[in-house]
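Colleague: Could we go through this structure together? I would like to ask about its surface, its charges and its rings in turn.
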Amino acid sequence: MTQSSPRLTTLPAWQKLRLHYEQISGLHMRDLFAREPDRFTNFSIGWEDFFLDYSKNQITSETMELLVELARECSVPDAMERMFNGEKINNTEDREVLHTALRSDINKPYVIASGDDVMPEVRTELEKMKVFCETVHNGSHTGYTGKVISAVVNIGIGGSDLGPHMVVKALEHYKKDIETHFVSNVDDADIAETLKKVDPETTLFIISSKTFTTWETLTNAHSARAWFLRSGADEDALAKHFVAVSSNISAATDFGIKEENIFEFWDWVGGRYSMWSAIGLSIALAVGYDRFSEFLAGAHSMDRHFRETPLEKNIPVILGLLGVWYNNFFEADTQAIIPYDQYLKYLPAYLQQADMESNGKRVTRHGEEVNYTTGPIIWGTTGTNGQHAYFQLLHQGTRLIPADFITAVESLNDIGEHHRLLVANFLAQTEALVRGMNVSEVKVELKKSGLSDEEIEKILPHKVFPGNHPTNTLVYQKLTPYNLGALIAMYEHKIFVQGVIWDINSFDQWGVELGKRLAKIIYDELEDNEPIDTHGQSTRGLINYFKRKSPQVS
């Protein structure tokens, strides 16, 4: 039997970090910068097109040494190798975790712990995706009336939607002459409003569901199918307009999809890591298969950095350790993701699933309830919009909220002063968050404005900024498919590092199952207007309220 690992909070490095926190938590970063002329150099990492500045954190060299010591005591390097070697680190589902194989060098074997080489089947699906994308883009795959495909609708949910949706929007600058839409919500408004935008003769639907039984996805898929048939097409025409990404071949063919238009992925591909697989078909159709290959290559390069670079200079490791520092010692419950790049507007939403579904766990890998906090609440939006929304709380609120600021050196759209203004705001906000404005500085500023002493005393408390708010600044040269792949892989590995330290399984998601089971029961109970007497009183009362008020059953 696998032995339970030591309690995290009893590890020597954890105990040292607890004492160290008590010693430095009261220090202001202004003072740290003042006494460390090389702080920026010491706490920054350059890698390929990326540059990470983590000097604006409440850390010293000793902090980082202790955090790296913690990573070693938690066997992070060993866990990394076990993942890359294809051991079954998803212990609750007895599965390998091999999204890294999907973006590995297709010309080289990827032999896992079982002795199997997974690359032949990966190559087969990638080649199938490539050929299909080429037929759509060159016009040889047409709709049933002979018209070229001009729109793609991806129907999925969770990992079959959030990742591809984010990437397609992020790479909009590179898109082909095809409009791409995403439907995930079972709310009929999602599918209804999408179908208003497309023409049945020129639209390709991708049904993304590993089991081809996902309730929300299949409900939307059947609505799309019915809409298509109502347009005048017959069932034979379905084969020209519907493809599937699934492992359930028979269910997909029963739906009307030709077997040659069913793209496969495997149990060792977790949903929130599946955009690198055939689930990324919508990405390849949107930007072209060559760009999709660049996207995979960027992720593979980050995989190599993560696997081969010492912990002290390893970007995902450093970010993961800083997250543990704030989450577990400063008791920061949330982290903000703030891309100053409009193309990355869906990145915070994507990272909510990637992080919170992975590390939102309350028991260790061995089933023991943890006595420390695990995954943070992830949120955010694009800058500069956020500056006019929630930044007030970041600057003068009562909560400590670490934030990642992300932007490009080069804009993809050279239209005047926009990018310089964007970067100015980007840099100014991180400086303002760390420096703040103390009482004496505010007084000087107010005196210059001509206010009287009485007026100054009245307004003074409202103008003070405490500063000392931690940020990571991540910069890439420009947003290319390659750099986007590397950026996403970086966050995947950061999340993995934190899961290893917290001794939790970052690759299951049992917490989403209970609500699904109850929904199936309630769905049947909503079929008529007869009152029910099951459930707790609140749920029972609400069900009966809907029964009384719903026009469908009245």
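Colleague: Is Leu542 buried, partly exposed or exposed?

Modeller: This is a predicted model, and in it Leu542 has a relative accessibility of 48%. Leu542 therefore counts as partly exposed, since that class lies between 20% and 50%.

Colleague: Where is Leu542 found?

Modeller: Leu542 belongs to helix α23, which covers residues 537-549.

Colleague: Which residues form the nonpolar patch on the surface?

Modeller: The patch consists of Leu526, Leu542, Tyr545 and Phe546. Together they have about 410 Å² of accessible area.

Colleague: And which residues gather in the patch of negative charge?

Modeller: Asp116, Asp117, Glu121 and Glu264 gather there, on the surface. Asp116 sits in the loop between α6 (99-102) and α7 (119-137). With 48% relative accessibility, Asp116 counts as partly exposed.

Colleague: Turning to salt bridges, how many does the structure hold?

Modeller: There are 24 salt bridges in the structure. One of them joins the side chains of Glu441 and Arg30, at 2.7 Å from N to O.

Colleague: Why does the pair of Glu441 and Arg30 tie together parts that are apart in sequence?

Modeller: Glu441 lies in helix α19 (residues 439-448), whereas Arg30 lies in helix α2 (residues 29-35), so the pair ties together parts that are 411 residues apart in sequence. Glu441 is partly exposed, at a relative accessible area of 25%. Arg30 is also partly exposed, with a relative accessible area of 25%.

Colleague: What about Glu312, with which residue does it form a salt bridge?

Modeller: Glu312 pairs with Arg72, and their closest N and O atoms are 3.3 Å apart. This pair links distant parts of the chain, 240 residues apart: Glu312 is in the loop between α14 (289-308) and α15 (315-329), and Arg72 is in helix α4 (residues 61-73). Glu312 is partly exposed at 39% relative accessibility, and Arg72 is partly exposed with a relative accessible area of 46%.

Colleague: And which residue forms a salt bridge with Glu87?

Modeller: Arg82 does, with the closest N and O atoms 3.1 Å apart. Glu87 counts as partly exposed at 29% relative accessibility, and Arg82 counts as partly exposed at 26%.

Colleague: Which residues do salt bridges that share partners join into one network?

Modeller: Arg30, Arg435 and Glu441 are joined in this way.

Colleague: On to the rings. How many aromatic pairs are there by the count?

Modeller: The count comes to 34 aromatic pairs. Among them, Phe205 and Trp227 form an edge-to-face pair, with 6.0 Å from centre to centre and 75 degrees between the planes. That pair links distant parts of the chain, 22 residues apart, with Phe205 in strand β5 (residues 203-208) and Trp227 in helix α10 (residues 215-230).

Colleague: Are Phe205 and Trp227 buried or exposed?

Modeller: Phe205 and Trp227 are both buried. Tyr273 and Phe507 form a tilted pair, at 5.6 Å centre to centre and 45 degrees between the planes. Here the partners are 234 residues apart: Tyr273 is in the loop between β7 (262-263) and α13 (281-287), and Phe507 is in the loop between α21 (481-501) and α22 (513-525). Tyr273 is buried, as is Phe507.

Colleague: Which residues form one aromatic cluster?

Modeller: The cluster is formed by Trp14, Tyr21, Trp325, Tyr326, Phe329, Phe330 and Tyr372.

Colleague: What is the phi of Glu48?

Modeller: Glu48 has a positive phi of about 45 degrees, although it is not a glycine. Most residues other than glycine have a negative phi. Glu48 lies in the loop between β1 (44-47) and β2 (50-53), and Glu48 is partly exposed, with a relative accessible area of 46%.

Colleague: And the phi of His535, what is it?

Modeller: His535, which is not a glycine, has a positive phi of about 70 degrees. His535 is in the loop between α22 and α23 and counts as partly exposed at 28% relative accessibility.

Note on methods. Residues numbered from 1 in each chain as written. Predicted model: local features only at pLDDT ≥ 70, side-chain atom pairs only at ≥ 80, totals over all residues. Heavy atoms only, no water. Salt bridge = Lys/Arg side-chain N within 4 Å of Asp/Glu carboxyl O. Helix = DSSP H or I, 4+ residues; strand = E, 2+ residues; numbered from the N terminus. Buried < 20%, exposed > 50% of the residue type's maximum accessible area, 1.4 Å probe, protein only. Patch = residues over 30% accessible without salt bridge, like charges linked within 9 Å, V, L, I, M, F, W, Y side chains within 5 Å. Areas by Shrake-Rupley, 256 points an atom, 1.4 Å probe, with all protein chains shown as cover. Lys, Arg positive; Asp, Glu negative; His and termini not counted. Charge placed at Lys NZ, Arg CZ, Asp CG, Glu CD. Phe/Tyr/Trp six-rings, centres within 6.5 Å; stacked < 30°, edge-to-face > 60°.
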